[in-house]
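Please read them beside the coordinates.

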Amino acid sequence: MDSRFMELGALLDPGRPPKVDKSAILVDAARMVTQLRDESQKLKESNESLQEKIDELKAEKNELRDEKQKLKTEKENLEWQLKALSPPPTYLPHPPPIPAPFSAPGQVVGSKLMPFVGYPGISMWQFMPPAVVDTSQDHVLRPPVA
């Protein structure tokens, strides 16, 4: 019996020399059991509150999923209505071919002016001086007109 009390004392206070007073060992054991019960109760309450929070979040997730599905259906209906109301695309006829192989700019061809296609198809702003391209002083040099 004394060996059991010595074991219990060593478990309650590891690293310290075991107590020899049996009543002190029993009081320490009762205190430890009470402390462990309190911790267990707090953990149970925390677990329950977290479980409630999880249930609330699951319900909210399901509501959002339903709302998303409704919005998706509504979007599809609106797209369908838009397609039903929009007229079919009309295709423009191709312009008539240029009769002269090297037509001059501004030459009238079939009562229409032909565009001047002498410029290359690249942008030219990188060849301009930096002072012309700088827009940081535009509000001072050219105030907005209301």
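1. Buried means under 20% relative accessible area, exposed means over 50%, and partly exposed lies in between, with a 1.4 Å probe and protein chains only. On that scale, buried residues make up 5% of the 146 residues in the protein chain. The chain exposes about 14100 Å², of which carbon and sulfur atoms supply 63%. Accessible areas come from the Shrake-Rupley method with a 1.4 Å probe, and for residues only the protein chains shown count as cover.

2. On provenance: this is a predicted model, in which local features need pLDDT of at least 70 and side-chain atom pairs count only at pLDDT 80 or more, while totals for chains, interfaces and linings use all residues. Residues are numbered from 1 along each chain as its sequence is written, and side-chain values use heavy atoms, with hydrogens and water left out.

3. The protein chain has 4 helices and 2 strands, in the order α-α-β-β-α-α along the sequence. Helices (H or I, at least four residues) and strands (E, at least two) are DSSP runs, numbered from the N terminus. Helix α2 covers residues 22-85, and the loop between α1 (2-12) and α2 contains Lys-19.

4. Where does Asp-28 lie, and what does it touch beyond its sequence neighbours? Asp-28 belongs to helix α2 and counts as buried because its relative accessible area is 11%. Leaving aside neighbours within four places in sequence, Asp-28 is in contact (heavy atoms within 4.5 Å) with Leu-12, Asp-13 and Lys-19.

5. Lys-19 is partly exposed, at 33% relative accessible area. With neighbours within four places in sequence again left aside, the contacts of Lys-19 are Met-6, Asp-13, Ala-24, Ile-25 and Asp-28. Met-6 is 13 residues from Lys-19 along the chain, and their C-alpha atoms are separated by 7.2 Å.

6. How many salt bridges does a search of the whole structure find? The search finds 2, a salt bridge being a side-chain nitrogen of Lys or Arg within 4 Å of a carboxyl oxygen of Asp or Glu. Side chains of opposite charge can pair when their charged atoms come close. Asp-28 is buried, whereas Arg-31 is partly exposed at 45%.

7. Glu-79 and Lys-75 also meet in a salt bridge (4.0 Å, N to O). Their spacing in helix α2 is 4 residues, which means about one helical turn. Glu-79 is partly exposed at 40%, and Lys-75 is exposed at 51%.

8. Patches are made of residues with over 30% relative accessible area and no salt bridge; like charges are joined within 9 Å, and nonpolar side chains (Val, Leu, Ile, Met, Phe, Trp, Tyr) within 5 Å. Lys and Arg count as positive and Asp and Glu as negative, with His and the chain ends not counted. A charge is placed at NZ of Lys, CZ of Arg, CG of Asp or CD of Glu.

9. A negative surface patch includes Glu-45, Glu-52, Asp-55 and Glu-67 among its members; Glu-52 is in helix α2. Lys-58, Lys-61, Arg-65, Lys-68 and Lys-72 form a positive surface patch. Lys-72 is in helix α2 and is partly exposed at 46%.

10. Met-128, Val-132 and Val-133 make a nonpolar surface patch of about 240 Å². Val-132 sits in helix α3 (residues 130-133) and is exposed at 52%.
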